[in-house]
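Hi,

Here is the structure I promised to pass on. Have a look at it first, and my notes on what turned up follow right below.

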Amino acid sequence: DIGETCIDLSAMEMQRGKPMECVVIGDFTAAYAIAMSNSFGGSGGRVLCIGDCLDPSGGIKESWASVVGDRLGKTIFPVKGDTKENYQGLEKMLDIVLFSTCGMYHETASLISKWAGLVRSGGIVCGTQWDEDNYPASVAAIKEIFGSRAAKRSDSGFWYVQSGVSQYEN
């Protein structure tokens, strides 16, 4: 699902002639980053991973690096910081933000709200936890923030929203 979404968006990015700027937040970032990286078109791109990629001392986890393989430092990059931090200081607008995390309603809503504001108009905000039986607070937060714009792409729990015009876009 994330690969198909990236391929669709990457095709649009190639028309703009710009590389993709992506962030994966939470758990299992290596697997999702690989799917994104493999989907980049001719202009390429990078995937920043925040969450499960670094050990407590800030070093790259060997288990994470072994999954990412030769993409590490080429198209996939681990980022220091807590997933709840606000990265409003990023230099570029993002094309895709993927959430691979769940939690209490207010934590999930706050996290999504902070990062969704960094996605350019036409970009994608998406996640992996659309499961009302197992993650009701996460689904409630997604619905509250995005309303009917949030779409579940498949039975896998993948959801996405295409960003509208952003006040931050240049």
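This is a predicted model: local features need pLDDT of at least 70, side-chain atom pairs count only at pLDDT 80 or more; totals for chains, interfaces and linings use all residues.

Strands β1 and β4 run parallel and are joined by 5 bridges (two strands pair if DSSP finds at least two bridges between them).

Residues are numbered from 1 along each chain as its sequence is written, and side-chain values use heavy atoms, with hydrogens and water left out.

As for the names, helices (H or I, at least four residues) and strands (E, at least two) are DSSP runs, numbered from the N terminus.

Back to β4. How many of its 7 residues are buried? The count is 7 of 7, so the strand is mostly covered (buried means under 20% relative accessible area, exposed over 50%, partly exposed in between, with a 1.4 Å probe and protein chains only). Strand β4 also belongs to a right-handed β-α-β unit, together with helix α4 (residues 105–116) and β5. Right-handed here means that, with the strands pointing away from the viewer, the path from the first strand over the helix to the second runs clockwise.

Next, the charged pairs. Searching the whole structure gives 3 salt bridges (a side-chain nitrogen of Lys or Arg within 4 Å of a carboxyl oxygen of Asp or Glu).

- Arg120 and Asp95 meet through their side chains at 2.5 Å, N to O. Arg120 sits in strand β5 (residues 119–127) and Asp95 in strand β4 (residues 94–100), so this pair links distant parts of the chain, 25 residues apart. Both Arg120 and Asp95 are buried.
- Glu21 pairs with Arg46, with the closest N and O atoms 2.6 Å apart. This one links distant parts of the chain as well: Glu21 is in strand β1 (residues 20–26) and Arg46 in strand β2 (residues 45–51), 25 residues apart. Glu21 counts as buried because its relative accessibility is 7%, while Arg46 is partly exposed at 32%.
- Lys143 pairs with Glu132, and their closest N and O atoms are 3.0 Å apart. Lys143 belongs to helix α5 (residues 136–146) and Glu132 to the loop between β5 and α5, so the pair ties together parts that are 11 residues apart in sequence. Lys143 counts as partly exposed at 38% relative accessibility, and Glu132 is partly exposed at 46%.

Then there are the rings. The count comes to 2 aromatic pairs (rings of Phe, Tyr and Trp, its six-membered ring, pair if their centres lie within 6.5 Å; planes under 30 degrees apart count as stacked, over 60 as edge-to-face and the rest as tilted). Phe146 and Trp159 make a tilted pair, 6.0 Å centre to centre with 40° between the planes. Phe146 is in helix α5 and Trp159 in strand β7 (residues 159–162), so this pair ties together parts that are 13 residues apart in sequence. Phe146 is buried at 9% relative accessible area, and Trp159 is buried at 2%. Phe158 and Tyr160 form a stacked pair, 6.5 Å centre to centre with 20° between the planes. Phe158 counts as buried at 4% relative accessibility, whereas Tyr160 is partly exposed at 27%.

Is Ser37 buried or exposed? With a relative accessible area of 11%, Ser37 is buried, and its place is in helix α2 (residues 29–39). Its side chain makes a polar contact with the side chain of Thr75 at 2.6 Å (a pair of N or O atoms within 3.5 Å; within protein, one must be able to donate a hydrogen and the other to accept it, and residues adjacent in sequence count only if both atoms are side-chain atoms). Leaving aside neighbours within four places in sequence, Ser37 is in contact (heavy atoms within 4.5 Å) with Val47, Arg71, Thr75 and Ile76.

Leu118 lies in the loop between α4 and β5 and counts as buried at 6% relative accessibility. Leu118 and Ser163 are 45 residues apart in sequence and 9.9 Å apart in space, C-alpha to C-alpha.

Cheers
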